[in-house]
Each structure stands twice: as structure tokens, then as C-alpha cells.
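Here is a colleague's note to read slowly, with the structure open beside it. Please look for each feature in the display before moving on to the next point.

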Amino acid sequence: MKNLDAAGSNSLLEVADLEVSFASSAGIATVVQGISFTVARNETVGIVGESGSGKSMTSLAIMGLLPPKAKTTGSIKLHGEEILGASERHMRKLRGNRMAMVFQDPLSSLNPYYTVGMQIAEAYKAHRGGSMRAAKLVAVDAMGRVGISDPQRRVDSYPHQFSGGMRQRIMIAMAMCCEPDLLIADEPTTALDVTVQAQILELMSQLQNESGTGMLFITHDLAVVSQVSQRVLVMNKGKVVESGTTEDVFSTPQDPYTQALLDAIPRIDDPIRALKKVEMGMVSEA
Amino acid sequence: MSMLPVGLMAETGEVTAEEGGGTGPNRGRSTTLRRVTTAMLASPAAMLSALFIVLIVLVAIAAPLLVKLSGWDPFQYDDTAINADLGGLPNLPWGGVSAEHWFGVEPQSGRDVFARIVYGARVSLSIAFSAAAITTVVGVVLGMLAGFLGGWVDQVISRIMDFLMAFPSLIFMIALLSALPAGNRPVLLVVVLCIFGWPYTARVIRGQTMSLAQREFVEAAQASGASKSAIVFKEILPNLTGTIIVLVTLAVPSYIGTEAALSFLGVGVVPPTPSWGQMIATAVPWYATDPMFFFVPGLFLFLTVLSFTVFGDHLSRAIDTGETSK
């Protein structure tokens with residue numbers, strides 16, 4: 001569709017040596033330490049790791065939404081174009097249009113004051129312009145595509161009239177309405193129960209197949225990542241400790257941290273155990 | 001797609017159950033409005049206050065008409081209603097209440113109290129309403145700027161607010177108003193009330209904006225490419241509506257009170273323009289011989305301030321219940 005790749009490679013997003021640090025009175029805290037990865041069109045890359053491992057900071061860095069006091073170095077390229085350090089104005093054009101984001105908590109991600117239709121329409125109109133009426137039609141269509149029944153009627157409903165799963169569908173509709181090239185999903189299923197989670201994952205991969213969107217899927221849930229992604233990055237303490245195809249990482253984990261994580265997945269035939277302790281030295285060497 | 005329909009049915013089922021009453025798709029804002037109205041209608045105190053507020057506002061608007069009806073304008077002297085031999089006390093008992101002068105007459109001059117109350121309402125309400133409108137606009141804008149932008153903008157605005165709130169404002173107002181030329185006193189009063197009034201609105205708005213700005217829908221709006229001004233005015237401001245309405249209804253009585261206090265102290269509205277506080281001040285030397293003259297403006301001032309306060313309190317409670325249950 002859009003072949004803007006300068007290098008001729010088919011990678012949509014290229015992150016190289018990304019480093020994010022915060023200066024505080026206690027010194028400099030580096031929360032992301034020189035990570036590199038790529039996402040291709042129609043590919044899903046999973047980032048897994050525990051809380052505080054730098055997953056979300058990575059995604060916010062890509063969107064250019066880090067707080068101003070964060071110091072970011074390295075390179076982030078979207079379609080070969082460097083976007084790290086791009087002007088706020090330029091980033092605003094990219095956000096929601098070329099790259100979009102789905103957040104963890106669908107309950108608080110929607111503005112309680114507006115109807116869901118209004119919110120999808122606004123997101124569309126911000127980039128594509130046109131009349132409110134036309135945007136509203138796009139919203140109805142988008143709601144239909146994410147599997148909301150009777151979108152014609154539900155378009156005028158308020159967020160509190162939807163269940164959690166439905167709200168996450170709305171968020172996905174909002175993120176996808178401008179047909180972005182890259183979708184960053186930051187723990188999109190964490191706040192949902194298991195059955196709804198499965199439906200949302202199904203929906204996301206279905207939409208991805210239709211549009212060819214590249215997806216960066218951030219989660220701490222290994223089961224989810226094994227379902228959706230082709231490649232996986234395992235992050236710990238701001239570093240990528242292991243990366244590879246999902247199959248390789250899951251079947252033959254090399255890093256002790258990854259092994260510990262996989263070991264910690266509860267099994268129905270096994271008694272409950274605590275997370276195996278990983279020696280600090282082993283992790284930082286990797 | 002194979003597994004979707006089943007799940008969807010489960011979810012839509014859930015949604016219809018949620019709808020309960022089945023009042024159709026367009027609930028949301030209209031339900032909030034309806035819920036608040038129902039709560040207000042159910043409370044006799046709130047309804048009585050509302051009734052009194054409406055009455056006073058109508059009286060203030062229709063003042064020239066009412067005065068025509070009663071036959072006396074507020075500046076007209078009536079020598080026949082007072083007794084010069086008694087130092088100007090009204091001829092009739094109860095402050096001279098009669099079919100001619102409905103609320104009695106002013107001692108010494110014989111001016112009609114009803115007409116002065118009616119015109120006084122005009123002055124008091126227009127000063128209080130304008131001051132409330134201006135402080136709300138200024139307070140909301142500065143409060144949102146401080147809360148949303150944070151950093152040095154917040155520092156500057158917050159320090160100014162601290163300074164103004166810590167200031168002995170009444171003393172300063174008295175000093176300022178007595179030093180300034182009388183000129184257009186009502187306008188001066190509004191300006192002075194605004195200078196010291198806006199921090200009270202801004203402080204609340206700043207706090208609420210800070211907590212709203214942390215909400216994920218603001219981040220979501222940012223992630224979909226919304227500009228800062230769009231976030232402030234389209235995402236945050238509408239969510240502040242309830243707070244702003246309550247702040248306005250509670251600001252009005254405090255300005256009515258302050259205006260009355262300043263006029264009472266002789267630095268407010270200049271005679272012969274009537275104002276309630278000034279009438280009370282004039283009545284002080286007569287409280288023993290003509291208590292009615294003191295009582296009438298006092299009662300109006302008291303009831304007006306009480307009505308606004310009770311109404312504002314009930315409104316804030318009615319809106320809050322909805323917010324917490326959301």
C-alpha cells in the first residue's frame with residue numbers, strides 16, 4: 001500500500017539503541033537501556049516483562065508521549081523516517097493517523113462526557129477532516145467492524161452504558177478508524193476477564209489481517225503473547241534479555257529470566273510455586 | 001470470526017441488562033440532568049430556595065414596573081408619612097406600614113422602603129451576578145491552565161492565589177474603595193470583588209483539572225493526535241460543568257454578603273442609590289425607635305443569601321451522588 005521505505009526493507013518500525021532516562025535528585029535513572037527491534041507490516045511483536053521493566057516507557061517513547069523531563073536517545077524510525085525528536089506538531093499528525101494506541105483500562109480511556117460515536121468521530125475528524133455527519137457514519141461503520149451489534153443505535157450511547165469488553169472494542173474502533181500503519185497495544189486485555197480477553201484478541205488479529213497493520217503488543221501475560229505475536233522481546237530492568245520468534249523463545253528459552261518467567265506460569269497439574277529467584281548478575285550479563 | 005457471535009451475544013445480553021429501565025439509547029447526559037432535577041424537586045428546602053431566588057430575580061428585573069404599581073419611586077420624599085416633631089419617625093406604627101407604603105417609610109426622609117428594597121435588589125444582584133460571572137471565567141481559565149500545564153505556570157498562578165487568599169481582603173477593599181474616587185461605584189465594587197474572589201474558584205478547578213488530566217482518556221486523546229487546547233477545552237472542561245455550576249451558585253451569596261458589608265461600612269454603593277447593606281447601615285441609629293426599618297432589608301438580605309446557599313448545597317450534593325456512583 002504505502003511503500004515509503006527508504007532502505008527498501010519491509011520493516012515498518014525500526015527502533016535502534018533506544019534509551020530513556022530520567023534525571024532526579026538521586027541521580028539518573030535509566031528506565032530503558034539501549035533496546036533495538038523492528039516491526040514489519042502485518043506482523044505482531046510482543047514485548048513481555050514484569051512491571052517496571054520499561055515496556056510502557058518504550059511504547060510512550062515511540063508515540064512521543066513521554067513526559068518532557070525524560071531524556072531519550074537512539075533512533076525510532078517509522079517507514080524509514082526518523083521520528084525521535086520530531087516536532088510536537090509533526091508527531092500530532094502521526095498520532096492517531098499513522099500510529100495509534102490502545103490502552104489498558106477501557107473504563108477510564110473514554111471520556112464519560114461524550115457519546116462513544118462522538119469520540120470515534122472526533123478521532124477520525126482530527127486527521128481526515130470533513131463534516132461531523134460524515135465522521136459519524138465512519139464511526140457507525142467502525143463500530144460495526146469491531147463487532148458491536150446495532151451500531152446505528154449504539155453510536156449515541158455513553159461509555160458507562162457499555163461493558164468492559166465492549167468499551168475496549170470502542171477503543172479499538174477509535175484506534176483503527178484512520179487505518180494506522182502501526183498499532184501499539186499497551187496491555188489491552190489486562191483489565192478484562194478471560195473470555196472477553198479471548199474475543200478481543202481474536203478481533204485484533206482479524207482487523208490486522210484485514211488492514212495489514214503492524215502491531216506492538218505489550219503485556220505481562222505470557223499466554224496472551226504466545227497467542228498473538230510472531231516474535232517476542234523479553235524485557236527486564238530496561239533491557240531486552242531475549243528476543244526471537246515466539247516459538248523459539250517459548251520452547252528453548254536461553255536467558256535465565258525468561259526461563260524463570262516461563263516456569264512461573266501456573267499449571268493445572270502442578271502445585272503453586274513462587275517466582276524462581278534469578279541472580280542479579282545473570283540478568284545483567286545477558 | 002467463528003467464536004465471535006457467541007461472545008457477542010453474551011456481551012450484548014450484559015448491556016441490555018445494564019440498561020435496566022430500557023429508556024432507549026440516549027441516556028447519559030440527559031439522565032444526569034434528569035436525576036439532578038428529580039433530586040432537587042424532591043427536596044422542599046431546595047424548592048423553596050429556588051422559588052425565593054426566582055422571586056427576587058423577577059422583582060429586581062421588574063423593579064420600575066413594581067414601583068409604578070406601588071406609586072412611590074425610591075428617591076421620592078414623603079413628608080406626610082413622617083412626624084417632624086418626633087425627629088422624623090414614621091407617623092404610623094410598624095415603621096409606617098400601610099396601603100400607601102407597603103414596607104413602611106424611611107425615618108426622616110419618608111422614602112418608600114418597598115421601592116428601595118426593590119431597587120436595592122437590582123443593585124445587589126447585578127453586582128453579585130457580574131462578579132460571579134467574571135470570577136468564574138477567570139478562575140476556570142487560570143485554574144485549568146495551572147492544573148493542566150503544571151510547572152512554572154502552576155507555580156506562578158498558585159503563588160498569586162496563595163497571596164490573594166492570605167490577604168486581609170476586607171480591610172484592603174475598604175482601604176481601596178475609600179481611597180478611590182467615587183466614580184462608578186458598582187463597577188468598582190465588581191472589580192474589587194473579582195480581584196479577591198477568583199482564587200476560590202481557581203483553586204478548586206486546578207485540583208479537579210489535575211486529577212482529570214491523569215485520567216487515561218486524556219492520554220488516549222493525546223495518542224490520537226489531539227492538541228493541548230483541544231484536550232483542555234474538549235476533554236477536561238465538559239467534565240468540570242457540575243463543579244462550575246455549584247461554585248457559581250455558592251459564589252453569588254458570598255458576593256451579595258460582601259457587597260452588603262461594604263455598603264454597610266460606607267464604602268460600597270453611594271447614596272442615594274439604594275442597596276440593602278446601606279439601608280441596614282442607615283437603620284442602625286433607629287433600631288430602638290423604628291425596628292421595622294432595620295428588619296425589612298435585614299430579612300431580604302438574610303433570605304436571599306440563605307436561599308442561594310441552600311440551593312447551592314443541595315445542587316452540589318445532587319451532582320456529587322451521580323459522580324461517585326459513575
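This is a predicted model: local features need pLDDT of at least 70, side-chain atom pairs count only at pLDDT 80 or more; totals for chains, interfaces and linings use all residues.

Is the crossing of α7(B) and α9(B) left-handed or right-handed?

1. In chain B, helix α7 covers residues 151-166 and helix α9 covers residues 185-213, and the axes of the two come within 9 Å and cross at roughly 135°. Angles over 145 degrees would count as roughly antiparallel, and α7(B) and α9(B) are therefore described as oblique to each other. As for the question above, the crossing of α7(B) and α9(B) is left-handed.

2. A second pair of helices, this time in chain A, can be set beside that one: the axes of α6(A) and α7(A) come within 10 Å and cross at roughly 15°. Angles under 35 degrees count as roughly parallel, and so α6(A) and α7(A) are roughly parallel to each other. The crossing of α6(A) and α7(A) is right-handed.

3. Helix α6 of chain B, which runs over residues 113-149, has 37 residues, and the distance from its first C-alpha to its last is 52 Å, close to the 54 Å expected at 1.5 Å a residue. Just after α6(B) comes B:Gly150, which takes a positive phi of about 60°.

4. Rolling a probe the size of a water molecule over the atoms shows where empty space is left. The largest share of the lining, three residues, comes from α6(A). What classes of residue make up the lining of the largest cavity? Sorted by class, there are seven nonpolar residues, one polar residue and no charged residues.

5. The second largest cavity has a volume of about 40 Å³, and the residues that line it are A:Ile172, A:Met176, A:Leu183, A:Met204, A:Leu207, A:Gln208, A:Thr213 and A:Met215. The elements that give two or more residues to this lining are α6 and α7 (194-211) of chain A, the pair of helices that point 2 described as roughly parallel. Which element gives the largest share of the lining of the second largest cavity? That share, three residues, comes from α7(A). By class, the lining of the second largest cavity divides into six nonpolar residues, two polar residues and no charged residues.

6. A:Asp17 is placed in strand β1 of chain A, which spans residues 11-24. A:Lys237, too, has a positive phi, near 50°, and is a residue other than glycine; the place of A:Lys237 is in the loop between β9 (231-236) and β10 (239-245) of chain A.

Key. Residues are numbered from 1 along each chain as its sequence is written. Chains are lettered from A and ligands numbered from 1 in the order in which they are written. Side-chain values use heavy atoms; hydrogens and water are left out. Helices (H or I, at least four residues) and strands (E, at least two) are DSSP runs, numbered from the N terminus. Ala, Val, Leu, Ile, Met, Phe, Trp, Tyr, Cys and Pro count as nonpolar, Asp, Glu, Lys and Arg as charged, and the others, Gly among them, as polar. On a 1 Å grid over the protein atoms alone, a cavity is a set of points where a 1.4 Å probe fits but cannot get out, and a pocket is an open set with protein on both sides within 12 Å along at least five of seven lines; lining residues have an atom within 4 Å of a point. Grid points are joined across faces, edges and corners, and a volume is the space filled by probe spheres set on the points. The expected span of a helix is 1.5 Å times one less than its number of residues. Axes are lines fitted to C-alpha atoms, for helices over the stretch in contact, and angles run from 0 to 180 degrees between N-to-C directions. Angles under 35 degrees count as roughly parallel, over 145 as roughly antiparallel, 65 to 115 as roughly perpendicular and the rest as oblique. A crossing is left-handed if the near helix is turned anticlockwise from the far one by less than a right angle, and right-handed if clockwise.
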